[in-house]
Amino acid sequence: PEMQTNSRDHPEVKRQKVENASFRDFYEEVDFLEWRNGCKCVVDDNRIMRLPLVDLRNLDEYNRRHLLAEASSTIVHLELSSLQSGERSCELPPRNVPFALLMPVTARQEVENLFFATESAATKQSRIPWLVKQVIVDSDDMWKQAKQLGLLQQQDNETAGLNTHKLPLSRLWKPDIMVEMLLSPLLKIKIEKSFNCSKDPNGSNEFVVWDLGCGSGRDVCFLAEEFKYQFQHLAADEGSTSAMMPKLKVIGIDNHKGSSRRCVPLWKNRMVNDITESKLQDLKKLVLLNDEVKEQKGLMCLYAIRFLNRRLIEYIAKDAKLPRGCIFATSHFCKDESGEWNWDHPKERSVLERKELNNLFSSEEKWKVLHDELCKDGDGDHGRTLIHFVVEVI
């Protein structure tokens with residue numbers, strides 16, 4: 001179940017640094033059965049909920065034995081050292097979402113310093129701790145409990161050392177709601193319709209998606225995972241060879257030099273580095289982007305999430321030589337029908353007018369509007385209005 005919560009409701013989020021205060025005041029140490037029985041969380045109806053569990057043990061320990069997730073459980077392996085280095089910290093849930101930890105017995109101090117500190121060790125700036133509600137300490141008793149319930153996966157000598165992660169991987173984070181609910185289903189349908197591996201193995205089967213202003217690369221990662229998992233099943237169902245399968249590529253484009261450093265480890269750890277790519281590109285330089293558009297084969301979709309460059313959008317609408325069937329989609333802050341914007345961030349000049357996109361793309365005969373709706377669900381508990389806008393070249 002979704003456990004997005006309002007951070008203002010959580011006393012843990014309001015913690016202030018208290019000299020000599022114990023971090024153990026902030027979480028409950030539980031055994032496996034107690035975690036499985038659930039935790040009372042501060043949500044709308046005070047339900048008892050089984051918290052998502054982050055397994056912090058190293059990869060060798062995880063591969064040797066790990067917990068199996070039931071239908072109502074989310075268990076994700078994120079090695080403690082990869083979180084301390086920052087390599088996989090973007091895979092943790094938002095800081096207002098409660099979760100539990102499976103902690104190595106010797107790592108308590110490191111875990112407490114990472115998850116409960118109210119000051120960044122690197123910048124010395126104040127920060128909100130993660131909302132860890134329960135901690136399970138790795139022990140033989142825990143594994144005995146899991147085995148009795150049939151929830152223990154162990155490797156034998158033949159499989160020892162192999163990576164046991166299989167798609168689809170569990171995740172604690174969520175992609176943008178438009179990418180998840182609109183764009184992903186639309187693109188998967190388009191690819192399936194365009195590609196018939198049993199009848200035309202020599203036909204065009206290259207499909208490329210661009211994320212304009214990709215940031216940390218989560219949406220790229222989500223789409224790549226969805227595509228890869230879907231077409232693994234397609235290959236199995238059709239008896240296709242790898243040469244007959246679609247050539248998929250999801251490319252994250254950003255002008256920030258640090259974007260690639262964040263994206264590439266995420267994609268590798270999520271097992272989609274073979275169908276993802278990071279490009280450093282100044283999206284304000286439309287001449288360079290125009291050259292990229294001309295040279296890109298199989299461009300199926302361009303999308304932008306909370307990234308507004310009006311000159312870029314106008315170029316896409318009027319001048320970009322995009323193939324028939326190509327999708328452009330965006331999710332960004334937008335005024336409602338009243339025309340008012342009563343938020344300090346973003347500034348009003350960086351907010352779309354309600355009909356701005358529709359008027360722009362409808363003025364060009366080559367575009368068909370597929371979706372144009374306002375939404376508040378994609379902005380957490382802030383309540384700011386966003387537009388979900390999708391068009392297709394006809």
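**Note on the predicted model**

1. The buried residues of helix α9 pack against β10 (206-212) and α10 (310-318). Here buried means under 20% relative accessible area, exposed means over 50%, and partly exposed is in between (1.4 Å probe, protein chains only). Packing is judged by contact, that is, heavy atoms within 4.5 Å. Helices (H or I, at least four residues) and strands (E, at least two) are DSSP runs, numbered from the N terminus.

2. This is a predicted model, in which local features need pLDDT of at least 70 and side-chain atom pairs count only at pLDDT 80 or more, while totals for chains, interfaces and linings use all residues. Residues are numbered from 1 along each chain as its sequence is written, and side-chain values use heavy atoms, with hydrogens and water left out.

3. Which residues of α9 are buried? In this helix, residues 286-295, they are Leu286, Leu289, Asn290 and Val293. Seen down the axis of α9, the buried residues fall within an arc of 105°, so they line one face of the helix. The arc is that of the directions from the helix axis to the C-beta atoms. Val287, Lys294 and Glu295, on the other side of α9, are exposed.

4. Gln281 sits in the loop between β12 (276-280) and α9. Its relative accessibility is 10%, so Gln281 counts as buried. With neighbours within four places in sequence left aside, Gln281 is in contact with Ile253, Asp254, Asn255, Leu288, Leu289 and Glu292.

5. Helix α8 (residues 257-269) can be read in the manner of point 3. Gly258, Ser259, Cys263, Leu266 and Trp267 are its buried residues. Viewed down the axis of α8, they fall within an arc of 150°, so they line one face of the helix. Lys257, Arg261 and Lys268 are exposed on the other side of α8. Met271 follows α8 and has a positive phi, near 65°.

6. In what order do the strands of the open sheet run? Five strands form it, in the order β1-β8-β7-β4-β6, and the pairing is parallel. Two strands pair if DSSP finds at least two bridges between them. At the edges stand β1 (28-30) and β6 (75-77), each with a single partner strand, so one side of each is left without a neighbour in the sheet. On average, neighbouring strands of this sheet are turned by 25° against each other, direction ignored. Axes are lines fitted to C-alpha atoms, for helices over the stretch in contact, and angles run from 0 to 180 degrees between N-to-C directions.

7. Strand β4 (residues 53-55) pairs with β6 in the parallel sense over three bridges. Asp55 stands opposite His77 in β6. Helix α4 (residues 108-115) packs on the sheet, where α4 touches β1, β7 (99-103) and β8 (132-137). The direction of α4 makes about 155° with that of β7.

8. How many salt bridges does the structure hold? There are 20, a salt bridge being a side-chain nitrogen of Lys or Arg within 4 Å of a carboxyl oxygen of Asp or Glu. One of them joins Lys174 and Glu180, with the closest N and O atoms 3.6 Å apart. Lys174 counts as partly exposed at 40% relative accessibility, and Glu180 counts as partly exposed at 24%.

9. Lys335 takes part in a salt bridge with Glu348, the closest N and O atoms being 2.7 Å apart. Both residues lie in the loop between β14 (327-333) and α11 (356-362), 13 residues apart. Lys335 also forms a salt bridge with Glu353, where the closest N and O atoms are 2.8 Å apart. Glu353 lies in the loop between β14 and α11, 18 residues from Lys335. Lys335 is buried, with a relative accessible area of 5%, whereas Glu348 is partly exposed at 45% and Glu353 is partly exposed at 38%.

10. Some totals for the protein chain complete the note. Its secondary structure comes to eleven helices and 16 strands. Buried residues make up 49% of the 394 residues. Of the contacts with a separation of 6 or more, 74% are between residues 24 or more positions apart.
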